[in-house]
Amino acid sequence: MEVGSQLSVVRSRRVVLDSGICLADIIIAGGRIVDIQPEGITAPRAPNQQILDVGDLVVMPGVVDSHVHVNEPGRTDWEGYWTATRAAAAGGITTIVDMPLNSIPPTTTLENFQTKLHAARGKCFVDTAFWGGVIPGNQSALRPMIEAGVPGFKCFLIHSGVDEFPHVTETDLQPALAQLQGTGRVLLFHAEKELEHVTPLLNNPCDYTTFLLTRPDEMEVEAIQAVIKLCVQHRVRCHIVHLSTAEALPIINEARKAGAMLTVETTHHYLSLAAEDIPDGATHYKCCPPIRTRNNQEQLWPALKAGKIDMVVSDHSPCTADLKLLQSGDFLKAWGGISSLQFGLPLFWTSARQRGFTLQDTVNLMCKNTAKLCGIENRKGSLIPGKDADLVIWDPDGEFEVRETLIHHKNKLTPYLGCRLQGKVFATIVRGKIVYLQGKFSDKPLGEHILVDMAQL
């Protein structure tokens, strides 16, 4: 079986369906799943059918990573569609959703969105959707972007790190939320707010604790309180990206019980890394909100298990190595962002399996719920006839070490170098075509742009 082949049947003794894990044949035609035939039911096969029998390897829906910074156009020395989507394919991800920053221009107008679509054309190895952005004064641009196919928008309640994507105030958000009412589109919030009364002592900038004290839990809690207020007031779907603090969980839980249309994600780094383990000067661990304590992390896991956190994403946010200031090791001045796109599935599984999470939990948190957030659950996120034949085939017991030679995203710096992980991806299939197979990629990109129309929401 060659990379790039169009498959007719994928067969495994461990197919992850909503109803359980079983032996099954997944029948594919026209890029979609047309039938799933369980054990004991074998339909006649045409002689020219391409059948991939993977034995005991797990077959589940391809991962949908709804939080990826590709940075093209404008900052292609940081990342780009070609490298990011190859990394995604190698990690079992069949759909990414690109954030509206840190590309130049940002995706804040219809013209800028069209610029991004043009930049991505012919470069995507997996399917790619695109978030729009809300910045001060661009409310009149939101409906045209919705009509053009963005599934929703992202905004910042604190400086974004790049001047071309300014943060918004609650006053700025009033007209934007009015534009989103009745559209079914979701507004994503980077939920941190500056605290006027907090002036931490700035000690050794190479000590991670110094940086951590500049982004206390309260910054997230206050921002999330503001998001909840807006969510309830405007009755618009709202979503908290990259939740890091467990202190916000009680107010999120109460708001949802009261009917707020609020969803929440966390990331692999908050679940896998802890502040106590970050060496001095290791600025490749810096991100915002920050990686917090192990005690905080231990509270995120049960919230995830209980459904109080809806999904897990990468927040892949790369940059060039020089911006991490590794020579000085200054956490306060270094660029914040962690590269992990390719390793999300094994990162999650390595820790989650030890905590009683199942393969079906993994599908819910990394495939089904992320697809639903983006309004593409009619096509992606589960193995059901009629949906796209997007599959990841992997060995949950396979172990490997993260080495630089394995990494397919453009800049190789990541805090996971040297880590031993469980969960080796064997193949990634996008709409029935093999885009990745045992270290090899299709000769040409086979991904499509996913544009969400009003009828899908």
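Is arginine 431 buried or exposed? Arginine 431 is buried, with a relative accessible area of 13%. Here buried means under 20% relative accessible area, exposed over 50%, and partly exposed in between, with a 1.4 Å probe and protein chains only.

## Basis of the model

This is a predicted model, in which local features need pLDDT of at least 70 and side-chain atom pairs count only at pLDDT 80 or more, while totals for chains, interfaces and linings use all residues. Residues are numbered from 1 along each chain as its sequence is written, and side-chain values use heavy atoms, with hydrogens and water left out.

## Strands at the start of the chain

Helices (H or I, at least four residues) and strands (E, at least two) are DSSP runs, numbered from the N terminus. Two strands pair if DSSP finds at least two bridges between them. Strand β1 (residues 9-17) pairs with strand β2 (residues 20-29) through 7 bridges in the antiparallel sense. Within this pair, arginine 11 has aspartate 25 of β2 as its bridge partner. The two strands make a hairpin, with 2 residues between β1 and β2.

Strand β2 also runs antiparallel to strand β3 (residues 32-38), to which 6 bridges join it. Alanine 29 is placed opposite arginine 32 of β3. Again there is a hairpin with 2 residues between the strands, and glycine 30 in the turn of β2 and β3 has a positive phi of about 60 degrees.

## A parallel set of strands

Strand β11 (residues 186-190) and strand β12 (residues 237-240) run parallel and are joined by 4 bridges. Phenylalanine 189 has isoleucine 240 in β12 as its bridge partner. On to strand β13 (residues 262-267), β12 is joined by 3 bridges, and these two strands also run parallel. Here histidine 239 has threonine 263 in β13 as its bridge partner.

Helix α7 (residues 249-257) forms a right-handed β-α-β unit with β12 and β13. A crossover is right-handed if, with the strands pointing away from the viewer, the path from the first strand over the helix to the second runs clockwise.

## Nonpolar cores

A nonpolar core is a set of buried Ala, Val, Leu, Ile, Met, Phe, Trp, Tyr and Cys residues joined through side-chain atoms within 4.5 Å. The largest one has 103 residues, and Met60, Leu173 and Phe348 have the most contacts inside it. Helix α6 (residues 217-234) gives the most to this core, with 7 residues.

Contact means heavy atoms within 4.5 Å. Leaving aside neighbours within four places in sequence, methionine 60 is in contact with residues including Val16, Leu345, Cys367, Leu391 and Trp394.

## Leucine 57

The loop between β4 (51-53) and β5 (58-61) holds leucine 57. Leucine 57 is buried, with a relative accessible area of 19%. Not counting residues up to four places away in sequence, leucine 57 touches Ser12, Arg14, Ile393, Trp394, Asp395 and Phe426. From C-alpha to C-alpha, leucine 57 is 36 Å from leucine 117, and the two are 60 residues apart in sequence.

## The largest pocket

On a 1 Å grid over the protein atoms alone, a pocket is an open set of points where a 1.4 Å probe fits, with protein on both sides within 12 Å along at least five of seven lines; lining residues have an atom within 4 Å of a point. Grid points are joined across faces, edges and corners, and a volume is the space filled by probe spheres set on the points.

The largest pocket holds about 650 Å³ of space. Its lining has 31 residues, and His159, Gly161, Arg215, Lys286 and Cys288 lie nearest the centre. Both β10 (152-156) and α5 (208-214) supply at least two residues each to the lining of the largest pocket.

## Backbone details in loops

Two cis peptide bonds can be found in one loop. Leucine 101 and asparagine 102 are joined by a cis peptide bond with omega of about 25 degrees, and asparagine 102 is in the loop between β7 (93-98) and α2 (110-120). Isoleucine 104 and proline 105 are likewise joined by a cis peptide bond, with omega of about 5 degrees; proline 105 lies in the loop between β7 and α2.

Asparagine 71, in the loop between β6 (63-68) and α1 (81-90), has a positive phi near 75 degrees and is not a glycine. Asparagine 71 is buried, with a relative accessible area of 0%. Arginine 431 lies in the loop between β16 (420-430) and β17 (433-437) and has a positive phi of about 50 degrees although it is not a glycine.
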